[in-house]
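The following questions and answers concern one protein model. Each answer works toward the value or name asked for.

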Amino acid sequence: MPVFFFVQRLYYLNSMSRKHINKYFQKYHIFYYSAIFSVFLYACNVTKKVPDGEYLLTKNKFDYTDGKVFSDEIPGLVAQRPNKKTLMFAPIGLILYNKANPKYDTILKEYMTYPNEVRNQKLRDSLFVKYGHPEYVGKNLFWNRFWHTVGQSPVIYSDAKTKQSAKSINNRLINRGYWDSEVKTQVKKDSVAKKAEVSYIITHKDPTFIKDYFYNIPDPNVRSIYEKDISKSLVKKGKILDETVLEKEINRINDLMKDEGYYKFNNDNQDIYFVADSLQSRKKVPVTMNIIKDSVGTPYRKATIGKISVSVTDRLNDVGKLPLQDSLRGIKFYRQDSAYKLQSLWLPVILKTGELYQQSDLDLTRRNILSMNNFTILKASDELRKEGTDAERDSIVDVEYVLRPLPKYEFNIATDIHYSQILNFGFSPSIDLTTRNVFGGAENLVTSFSGVIGTTKDPKDPGAIFNAYELSAQTSLQFPRLLVPFRKYYKLIPKKYSPITNISLGASVQNNIGLGRVNFNAGLNYSANVEDGRIQHRLTLFNTQVSLTQNKDKYYDFFPGDDEVRQKVFDLYAVDHPGVINSGGSYDDISSVILQDEAFIIQLLNQDPKSLYTFMQSLYNKERQTQDVIISSIIYNYIYNENGKKDYVNPFFFSGKVELAGNFLNMITKKEENYLVYGDTKTIFNIPYSQFVKFDLDFRKYFTFFNDRVKPHTLAVRQFVGVGIPYGNSTEMPFIRSYFNGGAYDIRAWMAFGGLGPSDSQLDERVRSYAMDNVKLTTSIEYRMPLNNMFEAAIFTDAGNIWGLKDNGFGDQFKFKKFISQMGVGSGLGIRMNIAYVTLRFDFAYKIHDPNRPVGERWVIDKIKLLKPTINFAIGYPF
């Protein structure tokens, strides 16, 4: 199967066909008619159930007299909001509600207050009698109940709620440091239409700033801890006196102290308070933080971990009745049976009796238990000891976990429907079976069967559907520990690193209009998390892939551009050597003869060098994409990630990966085969193996702005550097480890394999489109601006390219003096839509600098067509 389909299954969401989208844009009249119809319904129906003398609230307006400060927060403080509009046209929910007969409204309102299981005809009949309508008895009212349920009742303007909203807005502004703010309201009522609009006129005025910041902490130990970490304080001189910031600082100090062993620190929320002296000024005030224990004479005392117990049961009430009671290294275990070995229950608990209490250790233990995917936590408690001396009751924390085993087997079926430029239409069914606790040590065996079935372009049969597929079977066995020859590995690698071992084995079959591929893979992976997951180590000790291509001559059926290039050179060679061309040999055999004919190559080089270079690149493409290969490698991946960590306002991410392949295989084999482009190559079972070292470095930095808003803006910067160095048995990187350009997660102005690179080569676009190489540089910068709770806009620029470590005859070698001028540059706009926990992303990109155009024509800003961008659709952020 060609490389583009093999890789495209990972990128099928990246690039939606412009032609496909334009088909829908051409049907604009559908949207116009829908809008007109919605407006018509809106005008005729929305006030149907608004009582006389009342008004339907149709709009809340916000006028800011001195800047839109906190404009993203303020609308959410209003107690009364108009009926929600669907697609920004009309309040469909209200229209549906109004379709229910008004004479049943009172009865249906009370009917819906009852639990679902008692809503029946008997209840409806009793309500009919209650409200004096015995004539309704026996009526089902299905459609009235349906419209009443799915619809939304009209929002009636309330003067009291408007005043309450204005007060809430003013209080929020005062809390955020705008002590002199004012909020006024204006109400526009239309008695004829029975509609009302409310305007909130907001004046912030100048905020109050912190003139000086002091702290008063009598306890020397607590003061020492605070001062050691004072650089991270959120309260600083010169900042606005914002109460929300003060609350965040209190939470920060609470977490800090509890992680230092102070279990009872500020438990009653009375120990930390701030005092602002506004006697001399309301605009610049000194602020003092006090940390004083409420009970005088009783110092803060650090706590230690006491008793630790773990119970495995289906019901919380059975905890004291479990027959099996054991202990291991200071932890007591209570079980109904011995389905889970003690060691497997002991490993996730990183607490130790007698050690200093740290809240982070309890949090990590909880995460370790859940990550085993074997239990739900019925109870996780930590509390001060209830018996013993006063000191023990004040400083010893007993911990208890009650775990309920998850079902032994879990079966999932799912499918995705997708569309992309290359794989036009397709679906991806999958079946997963999870078997838990396979060997009694909380091991999980996951067996999955999945497929990608789709339609792609067939030059011989344009109307063919579902002519491409990939079917795969994968099994993985996960151990919640390190699988190593010695048992007490935790003395070298502590349990708090949450080590995991994963053994995987899989196979897949791919087919694409006759050109197919069979793949096998196996691996042994170790992973560990350090510093609460901020640092991750991943070691793949044994990573082996076997990839076999079927029907290699079908390559030219799928790549007609390459076939044109091949046919042109074959025709030129046939002038003097018709017997070779008509010999009936394979295309590879004939191409091999041509390449060994030095006289013809020199003649073609002098007369038509571009045809020679294009022919050579086409052969490189074919050999790489149809290559049979074995990759046996060791991979180490180091990840440093500050994202999601509360102490980092401007987080940083780094991933460094090194892969070393082929050395062991090189030592055990000497058999060689001859290949068209690669020449003599060592093989195992007549399959060549790759020998290379590969480095991937991914740097990301995120800068946040307007952090006082509910959703701040973000400037994201990414730099990717990748180098693959083939050696020994390989002259080129295997295609599944090579670099390419384009796509929704790369340089978005080009589609994946969209013709950018390598370098600034002037190769024919037909063969350059699927070119790959051994060096990659990509720089991206993106500014993200939230529009509302659902939508976010972005402006971005991507730059980069791929190069070779040596010149393959196409001018693709990486050179420090030239690489900047060889970068492809694209910019554009993006829209993100947040639905539940999924972010859908549309990016519209334009080429700015195209290095594959002739010198002097590479800046293409003046050739941009705004209505014809490169469109990328994907799930999640690009970086």
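Q: What percentage of the residues of the protein count as buried?
A: The model is a predicted one. A residue counts as buried when its relative accessible area is under 20%. Of the 879 residues of the protein, the share that counts as buried is 47%.

Q: How many helices and strands are there in the protein?
A: Helices here are runs of at least four residues, and strands are runs of at least two. Counted this way, the protein has 21 helices and 30 strands.

Q: Among contacts between residues at least 6 apart in sequence, what percentage join residues at least 24 apart?
A: Contact means heavy atoms within 4.5 Å. Among contacts between residues at least 6 apart in sequence, those that join residues at least 24 apart make up 66%.

Q: At what angle do helix 17 and helix 19 pack, and which term describes helix 17 relative to helix 19?
A: Helix 17 spans residues 587–596 and helix 19 spans residues 609–625, with their axes 12 Å apart and an angle of about 140°. Angles over 145 degrees would count as roughly antiparallel. Helix 17 is therefore classed, relative to helix 19, as oblique.

Q: Which residues make the contact of helix 17 and helix 19?
A: The crossing of these two helices is left-handed. By class, their contact has five nonpolar, one polar and two charged residues. Helix 17 contributes Asp588, Ser591, Ile594 and Leu595, and helix 19 contributes Phe615, Met616, Leu619 and Lys622.

Q: Within what distance do the axes of helix 18 and helix 19 come?
A: Helix 18 covers residues 598–607, and its axis crosses that of helix 19 at roughly 120°. That angle makes helix 18 oblique to helix 19. The contact is made by Ile601, Leu604, Leu605, Asn606 and Gln607 of helix 18 with Pro609, Leu612 and Tyr613 of helix 19, and divides into six nonpolar, two polar and no charged residues. The axes of helix 18 and helix 19 come within 5 Å.

Q: Which residues of helix 15 and helix 17 meet?
A: Helix 15 (residues 560–574) packs with helix 17 at an angle of about 55°, the axes being 11 Å apart. The two are therefore oblique to each other, and helix 15 passes helix 17 in a left-handed crossing. From helix 15 come Arg566, Val569, Phe570 and Tyr573; from helix 17 come Tyr587, Ile590, Ser591, Val593 and Ile594.

Q: What kind of aromatic pair do phenylalanine 142 and phenylalanine 146 form?
A: The structure holds 29 aromatic pairs. Phenylalanine 142 and phenylalanine 146 are 6.5 Å centre to centre, with 20° between the planes. Planes under 30 degrees apart count as stacked, and the pair of phenylalanine 142 and phenylalanine 146 is stacked.

Q: How many residues apart in sequence are the parts tied together by tyrosine 263 and tyrosine 357?
A: The ring centres of tyrosine 263 and tyrosine 357 are 4.9 Å apart with the planes at 80°, so the pair is edge-to-face. Both tyrosines are buried. Tyrosine 263 lies in the loop between helix 10 and strand 5, and tyrosine 357 in the loop between helix 11 and helix 12, so the parts tied together are separated in sequence by 94 residues.

Terms used:
Residues numbered from 1 in each chain as written. Predicted model: local features only at pLDDT ≥ 70, side-chain atom pairs only at ≥ 80, totals over all residues. Heavy atoms only, no water. Axes fitted to C-alpha atoms, helices over the stretch in contact; angles between N-to-C directions. Parallel < 35°, antiparallel > 145°, perpendicular 65-115°, else oblique. Left-handed = near helix turned anticlockwise from the far one by under 90°. Nonpolar A, V, L, I, M, F, W, Y, C, P; charged D, E, K, R; others polar. Phe/Tyr/Trp six-rings, centres within 6.5 Å; stacked < 30°, edge-to-face > 60°. Buried < 20%, exposed > 50% of the residue type's maximum accessible area, 1.4 Å probe, protein only.
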